[in-house]
Amino acid sequence: MQWRDRRILVVQPHMDDAALSVGGLLRRTAGANDMTLVTVFGRSRWSLDRAERCAEAITLRRREEDARYARMIGARPIIQDAPDSSLRGYDAVTERQGRSESLEALRAIRALLGGHVSALRPDICLTPTGIGGHVDHLMTRDAIVRCAGPATRIMFYEDLPYAALAPWTPPASATSPRERLWVAAAGGDLSNSS
Ligand SMILES: [Zn+2]
């Protein structure tokens, strides 16, 4: 797989997903390609510090961290303003139950990411697999699968830390769209999907 001199779009649902899930690869190839890091759900009230619940303060801090991280890997940061699951009524349990959002919400995310794909025309797009069933990760993955054209190779990364917690057995045969995604995550290719 050629990573140098490519236009690479890294899509992360939240401000830390790329660093946690595919940070080694991005650090290793820093400066060798034209990379853009898009954060989809750029507003949040999630914090390890449970005493801090101010969404504005948390969002600001996480955006600063993400901008610093983008500089480390030589990427152009684009942070969208969509509210993450913590601001849409989910909690730590319900956000990871593989739920699907409304069609309207899905279309909004697809339009948002479709605009970036059209503008950037990436050779490679890294997107989460959705392992662990986090609603924001599933929305991001589904949007990219639908809006990336045949010229873009989609590559799926494991969603850490969720992937480390979720048992997974690959299907014996892949017939449904969901199963095909799992197979793609295991090394298949969805570059011809629309
Ligand atoms: Zn995430």
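**View 1. Helix 1 and the elements that its buried residues pack against.** The buried residues of helix 1 pack against strand 1 (7–12), strand 2 (34–39), helix 2 (55–72), strand 4 (124–128) and strand 5 (153–157). Packing here rests on contacts, in which the C-beta atoms of two residues, placed from the backbone, lie within 7 Å. Helices (H or I, at least four residues) and strands (E, at least two) are DSSP runs, numbered from the N terminus. The model is predicted: local features need pLDDT of at least 70, side-chain atom pairs count only at pLDDT 80 or more, and totals for chains, interfaces and linings use all residues. Residue numbers start from 1 along each chain as its sequence is written.

**View 2. The two faces of helix 1.** Asp-17, Ala-18, Ala-19, Ser-21, Val-22 and Leu-26 are the buried residues of helix 1. They lie on the same side of helix 1, because they cover an arc of only 165° around the axis. The arc is that of the directions from the helix axis to the C-beta atoms. The face turned away from this buried side carries the exposed residues Gly-24 and Arg-28. A residue counts as buried if 20 or more other C-beta atoms lie within 10 Å of its own, exposed if 12 or fewer, and partly exposed in between; C-beta atoms are placed from the backbone.

**View 3. Helix 3 (residues 103–120) from end to end.** Helix 3 has 18 residues and reaches 25 Å from its first C-alpha to its last, close to the 26 Å expected at 1.5 Å a residue. The expected span is 1.5 Å times one less than the number of residues. Just after helix 3, Arg-121 takes a positive phi of about 45°.

**View 4. The buried and exposed sides of helix 3.** Ile-109, Leu-113, His-116 and Val-117 are buried in helix 3. These residues cover an arc of only 100° around the axis, which puts them on the same side of helix 3. Their cover includes strand 1, strand 2, strand 3 (75–79) and helix 4 (135–147). Exposed residues on the other side of helix 3 include Leu-103, Glu-104 and Ala-111.

**View 5. The largest nonpolar core and Cys-125.** This core, a set of buried Ala, Val, Leu, Ile, Met, Phe, Trp, Tyr and Cys residues joined through C-beta atoms within 7 Å, has 36 residues. Helix 4 gives the most to this core, with seven residues. Among the residues with the most contacts inside the core are Leu-113 and Cys-125. Cys-125 touches Leu-9, Val-11, Ile-144, Ala-148, Thr-152 and Ile-154, not counting residues up to four places away in sequence.
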